[in-house]
Amino acid sequence: MTTRYRVEYALKTHRRDQLIEWIKGLLAVPFVLHSQPTVTYQATGLQTAAADTYQRYAEIMRDVENLIIDHSKNILGNMICHFGDSRLGLTIYPPAVQHHERNSPGKSKLKLLVPSVGTFFTKLHIEDAFKYQDNRRFISRRRFVAPSFNDIRLILNSAQLLGLVRSSEVELVTFDGDVTLYDDGACLTADSPVIPRILRLLEQGRKVGIVTAAGYEDAPKYYGRLQGLLDAVHDSTTLTPTQKQGIIVMGGESNFLFRFDQDSDARLVYVPRDQWLLEDMRAWAEDDIKELLDLAESALRACAANLDLPAAILRKDRAVGVYPVNGAKISREQLEETVLVVQNTVERSTVGSRLPFCAFNGGNDVFVDIGDKSWGVRVCQQYFGGIDPSKTLHIGDQFLSAGANDFKARLASTTAWIASPSETVDLLDELETSVNPS
Ligand code: IMP
Ligand code: MG
């Protein structure tokens, strides 16, 4: 392996979200300058210091917000709003921006400072989001712990929700499954607090898509994973039949679509591909799909042998994976190595340039799926009559780990990055209060 490749691999495994890290760095300066580590807790000076810090943080957040506005104008002005290639593409655009408003062609100041930044679908209300999160997390009152990655991640989520509510509206919410709706590998049981929140979305006439990597061709498998939710929709006496049709399941990233069915035991029916494939997806040739999966399978097998993984290979119609046997645990390093090996192998093949695919670390397994969640989310948008990316919110947990499969949703919608099912619940409540402030 050449040095270049080794560096590339190291970068991929240890990559960071540059936008979040950059904002964290900006806040670190006032934290260092204003924090009062030597002042005792009783001192009256403490409150004044916290107010100063709050003020400084808020000003920085306003500056970041303005840089993003400038960035979006610039991108639109230069007509490079193609569905992106940027690793961290958060994505496009505040409406009604005129060409003559652009400044330096081709590059925004934000792009210079954070080269991996993508484009944005809505305005991000970062200053207000900071104030909201500071009220909950008391970030500015901390004297020993600087604003963290999670502080900024949650501020950006709030900023996105405000952007959706103030400059647009939420017509479609798509959810990842594992870690977002239920714990990794678990199921959505009747007692899950996320269920009444999803029912509330449906009651409000919004659409819901479960966009999961879990790829099965038969409805009972999804019923097994989502039973609590599907039964609740089925049993609801407040949801109208039309509202009940507002929930769909997109499995295998973008491969299998199911719609709600009040009369079937599994509460779902399979929707044949010819009824929902996007135009571009129709060009995905069966021969190419087989060739790509054959290649991925051989890379997975070689990797499993090389790393002596306690694992077996599972080949499916639209996916191939490696999973542990006999209750074994595969280490994070082995999982990430496997993802990167197979990703690299397929990326460098000719079939890999013809077909989209997604190789990702599923926590204790590695899967390679045909397509990815950007396609999955777009299918949901089209299925519900062509919902705009600026009116779609995808909620997921995988935005950074090797092959992070929710990351691709940023190409098709606004996103919120959660770290647990309880954060999803908080986020849905935050959305509700943003829509209906008391
Ligand atoms: P997600 O978090 O909802 O996207 O679910 C990802 C998990 O689904 C993976 O970690 C796998 O354990 C599981 N899974 C089952 N079948 C498939 C498949 O065909 N492709 C990808 N993941 C699968
Ligand atoms: Mg997940």
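Me: Is Leu 33 buried or exposed?
Reply: Leu 33 counts as exposed, with a relative accessibility of 62%. Here buried means under 20% relative accessible area, exposed over 50%, and partly exposed in between (1.4 Å probe, protein chains only).

Me: And where does Leu 33 sit?
Reply: Leu 33 is in helix H2, residues 18-34. Helices (H or I, at least four residues) and strands (E, at least two) are DSSP runs numbered from the N terminus.

Me: Thanks! Before I go on, what should I know about the model itself?
Reply: This is a predicted model, where local features need pLDDT of at least 70 and side-chain atom pairs count only at pLDDT 80 or more, while totals for chains, interfaces and linings use all residues. Residues are numbered from 1 along each chain as its sequence is written, chains are lettered from A and ligands numbered from 1 in the order in which they are written, and side-chain values use heavy atoms, with hydrogens and water left out.

Me: New topic: which residues are the protein donors of the magnesium ion (ligand 2)?
Reply: They are Asp 176 (OD), Asp 178 (O) and Asp 397 (OD), at 2.2 to 2.3 Å from the ion. Donors are N, O and S atoms within 2.8 Å of the metal (3.2 Å for Na, K and Ca); water is not among the atoms, so sites may look incomplete.

Me: What spacing do the donors follow along the chain?
Reply: The spacing is D-x1-D-x218-D. Asp 176 lies in the loop between strand E1 (172-175) and helix H7 (194-203), and Asp 397 in the loop between strand E10 (392-396) and strand E11 (414-417), so this pair ties together parts that are 221 residues apart in sequence.

Me: Are those two buried or exposed?
Reply: Asp 176 is buried at 5% relative accessibility, and Asp 397 is buried too, at 19%.

Me: How do E1 and E10 run, parallel or antiparallel?
Reply: They run parallel, joined by four bridges. Thr 174 has His 394 in E10 as its bridge partner.

Me: What's the strand order in that open sheet?
Reply: The order of its seven strands is E5-E4-E3-E2-E1-E10-E11, with mixed pairing. Strand E5 (268-271) and E11 are the edge strands, each pairing on one side only. Two strands pair if DSSP finds at least two bridges between them.

Me: Last one: what about strand E7?
Reply: Five of the six residues of E7 (residues 319-324) are buried, so this strand is largely enclosed by the rest of the structure. E7 pairs with strand E6 (residues 311-315) in the antiparallel sense over five bridges, and Leu 314 stands opposite Gly 321.
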